Amino acid sequence: MYPAQFDYFRPTTVDEAVKLLVQHGDEAKVLAGGHSLIPAMKLRLARPKAIVDIGRIANLSYVRETSGGIAVGAMTTHAEIAASALLGERCPLLPETARHIGDMQVRNKGTIGGSLAHADPAADWPAAVLALEAELEIAGPRGRRTVRADQFFVDLFQTAIGPDEILCEIRVTRTPKSVAYEKTEQKASGFALVGIAVVVDGRGARVGVTGLAAKAYRASRVEQALATDRSLTPERIARAAAHAADGVEPLSDIHASASFRAHLAEVNTRRALTRALGLA
Ligand SMILES: Cc1cc2nc3c(=O)[nH]c(=O)nc-3n(C[C@H](O)[C@H](O)[C@H](O)COP(=O)(O)OP(=O)(O)OC[C@H]3O[C@@H](n4cnc5c(N)ncnc54)[C@H](O)[C@@H]3O)c2cc1C
């Protein structure tokens, strides 16, 4: 099926792209890798009148070391992140998560920024950026602003990005050790039924959950349980993991019931913590 008719714009700078979004208002959509937007347009679930293709903007695709950590450009593809030696050394949770996404075609075209902006409840990146306490830089008509990952996901397919704004950069601190991503995927697409990203360091454990609820979240009850249990034996990890679905309403669909998703959250949290702590 063909998408409805639209005007196509190919800006070469972020400022130019933002101006186009301001000019076309709610009728415009940013195009990144197109692996979520184009299928939605073909199904006529989305009918933007103007497409602002940010694929030709220089300097939106990179992985760089900074004084504070590592910066990843929004147009960096899943495959580039999976293959990044810098990330492999300094923040291996990102390449590990990237390798779980879809298939090679999806990873070669889809971008981290597009996935985060889309905020599909079954997407993989949200769990990782939550566990890493990433910062997301957004450009708009009033300049640039930074949003913390735990304030970025608002609801199903809704984020803190405004209609006239563009996600430009994802920033993480160096987190070289004690990380893991454990996922149970929908077999045909690879999307997460439940995915759990874990970071454990001197400050404690941070657990990001995707797939379970309408929006990705931090499993704060698991984190609290681990904070009170200082010596982390397999039994204590299992007790903490039992809180992974506390306080959320699990999604239920043809792929998995609410109770099965809650069960997967517990199992994958236990597995991710066990592996991150080197107890596997
Ligand atoms: C067959 C298939 C399997 C898949 N499997 C998985 C999987 O296992 N796990 C997973 O996580 N994902 C999966 N995906 C989704 C894939 O990762 C997409 O690439 C991703 O969701 C969207 O990224 P994109 O760059 O293609 O964005 P696009 O499709 O171009 O855009 C998506 C949305 O985000 C907006 N947008 C894009 N970039 C920006 C930006 N920088 N600033 C503001 N708004 C922006 C667009 O306007 C649009 O609304 C799959 C997709 C397909 C087709």
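Predicted model: local features only at pLDDT ≥ 70, side-chain atom pairs only at ≥ 80, totals over all residues.
Residues are numbered from 1 along each chain as its sequence is written, and side-chain values use heavy atoms, with hydrogens and water left out.

**Sheet**
- Four strands form an open sheet in the order E11-E12-E13-E14, with antiparallel pairing; strands (E, at least two residues) and helices (H or I, at least four) are DSSP runs numbered from the N terminus, and two strands pair if DSSP finds at least two bridges between them.
- Strand E11 (179–185) and strand E14 (217–218) are the edge strands, each pairing on one side only.
- Seven bridges join E11 to the antiparallel strand E12 (residues 192–201), and Thr184 has Val194 in E12 as its bridge partner.

**Helices on the sheet**
- Helix H10 (residues 220–228) packs on the sheet and touches strand E13 (204–210) and E14, where contact means heavy atoms within 4.5 Å.
- Helix H12 (residues 258–276) also packs on the sheet, touching E11, E12 and E13.

**Arg206**
- Arg206 lies in strand E13 and counts as buried because its relative accessibility is 6%, buried meaning under 20% relative accessible area (1.4 Å probe, protein chains only).
- Leaving aside neighbours within four places in sequence, Arg206 is in contact with residues including Ala131, Glu133, Asp201, Arg218 and Glu223.
- The side chain of Arg206 reaches the backbone oxygen of Ala131 at 3.4 Å.

Definitions and conventions. Axes fitted to C-alpha atoms, helices over the stretch in contact; angles between N-to-C directions. Buried < 20%, exposed > 50% of the residue type's maximum accessible area, 1.4 Å probe, protein only. Polar contact = N/O pair within 3.5 Å; in protein donor to acceptor, adjacent residues only side chain to side chain.
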